[in-house]
Amino acid sequence: MPLLILGGTIFLGRHVAAEALARGHEVTLFHRGRHGNDLFREAEHLHGDRGGDLSALEGRRFDAAVDTSGYEPADVAASSALLTAAGVEHLSFVSTCNVYPDWPGEPVSEDSPVWTEGDDYGPNKAACERAAEAALPGRVAALRAGLLCGPHDNVFRLPWWVQRIARGGDVLAPGDPERTVQLVDVRDLAAWFLDLAESRTPGVFNATAPLGQATMGEVLEAAVAATGSDARLTWVPDDVLAAAGLEPWTEVPLWLPEADAPGTWRVDASRARAAGLRCRPVAETVADVWSWLRSGGPDAEGEDWLSPHAARGLTPEREREVLAATAR
């Protein structure tokens with residue numbers, strides 16, 4: 001089918017494009033041309049800016065679309081109006097669990113309240129969902145993504161851990177090793193998005209891994225196994241990390257104190273599973289991330305690839321300092 005991907009050159013969109021081409025779809029990528037022009041030569045590349053110049057999409061026809069890059073409600077309203085004119089029968093709009101005001105402070109499901117006002121990331125994404133649905137009523141799958149992982153990860157949370165563990169030695173491991181996490185492989189999402197498009201399935205879905213998918217201990221142990229390093233995991237409790245002033249999520253990727261954010265890894269994804277989302281074992285994702293890192297990782301991706309929100313991780317000096325204080 002003729003398929004339009006708004007974005008399609010970085011991380012999730014890249015995997016959607018690869019999967020769509022593998023299935024034999026006619027793929028068109030609409031992007032700014034700043035990255036990925038050498039990717040997917042068998043696809044059509046249209047250049048423009050969804051913040052202003054959508055002229056390349058005018059007069060075109062597509063059966064379905066995947067929007068991986070909608071952040072501003074006005075931009076999504078404008079592009080979705082063009083999709084209506086283009087005859088699009090299904091739009092997969094990539095949203096976020098940040099549309100829930102209660103998350104990550106509380107567990108959430110698709111029935112939880114969403115933002116109805118505000119001008120931040122979560123409220124804007126919620127407004128984008130409404131804009132897409134207003135333009136394409138009954139034809140939108142609003143996909144509230146969780147923590148995405150896999151090769152070409154430009155936010156670099158799981159890759160940071162794999163890279164750190166590959167260096168070996170004493171590794172500061174955050175919190176409780178038995179705390180469950182929900183890490184969803186982008187390749188599983190990409191395949192599912194296309195399943196939804198092919199079957200024209202609309203609705204609202206928490207697009208993440210099932211509850212209790214894996215523990216943090218299993219994730220980091222999988223990195224030890226994949227890299228073959230001599231890393232020794234030293235688990236440091238939440239309160240000790242907080243007392244040391246470590247910044248959750250960015251300085252210590254994948255970590256938020258359980259007491260402060262008990263709903264982080266308690267997103268009900270049963271509706272997505274019922275609609276066909278299947279998630280591979282975390283160990284497989286970790287191994288593939290390691291393969292990507294060994295083949296060049298970020299250094300092979302080019303300029304403007306790494307997200308401005310990418311995890312920076314602990315410096316070696318800071319890690320040693322906290323581990324030394326813990327040992328006393």
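## A buried tryptophan

Trp292 counts as buried, because its relative accessibility is 6% and the cut-off for burial is under 20%. This holds for a predicted model.

Phe156 is buried as well, at 7% relative accessibility. The structure holds seven aromatic pairs. One of them joins Phe156 and Trp292, edge-to-face. Their ring centres lie 6.3 Å apart, with 65 degrees between the planes. Phe156 sits in the loop between strand S7 (147-149) and helix H4 (157-167), and Trp292 sits in helix H9 (residues 282-294), so the pair ties together parts 136 residues apart in sequence. Phe156, Trp292 and Trp305 form one aromatic cluster.

## A tilted pair

Trp249 and Trp265 form another aromatic pair, this one tilted.

Trp249 is buried, with a relative accessible area of 19%. Trp265 counts as buried at 6% relative accessibility.

## The whole chain

The chain has 10 helices and 13 strands. For 328 residues, a compact globule would have a radius of gyration near 20 Å; the chain agrees, at 20 Å. Its C-alpha atoms fill a box of roughly 70 × 40 × 35 Å along the principal axes. Of the residues, 54% count as buried. Among contacts between residues at least 6 apart in sequence, 78% join residues at least 24 apart.

## Surface and charge

The accessible surface comes to about 13700 Å², and 49% of it belongs to carbon and sulfur atoms. There are 29 positive and 49 negative side chains. The centres of these two sets lie 2 Å apart.

Conventions. Residues numbered from 1 in each chain as written. Predicted model: local features only at pLDDT ≥ 70, side-chain atom pairs only at ≥ 80, totals over all residues. Heavy atoms only, no water. Helix = DSSP H or I, 4+ residues; strand = E, 2+ residues; numbered from the N terminus. Rg over C-alpha atoms; globule rule 2.2 N^0.38 Å. Buried < 20%, exposed > 50% of the residue type's maximum accessible area, 1.4 Å probe, protein only. Contact = heavy atoms within 4.5 Å. Areas by Shrake-Rupley, 256 points an atom, 1.4 Å probe, with all protein chains shown as cover. Lys, Arg positive; Asp, Glu negative; His and termini not counted. Charge placed at Lys NZ, Arg CZ, Asp CG, Glu CD. Phe/Tyr/Trp six-rings, centres within 6.5 Å; stacked < 30°, edge-to-face > 60°.
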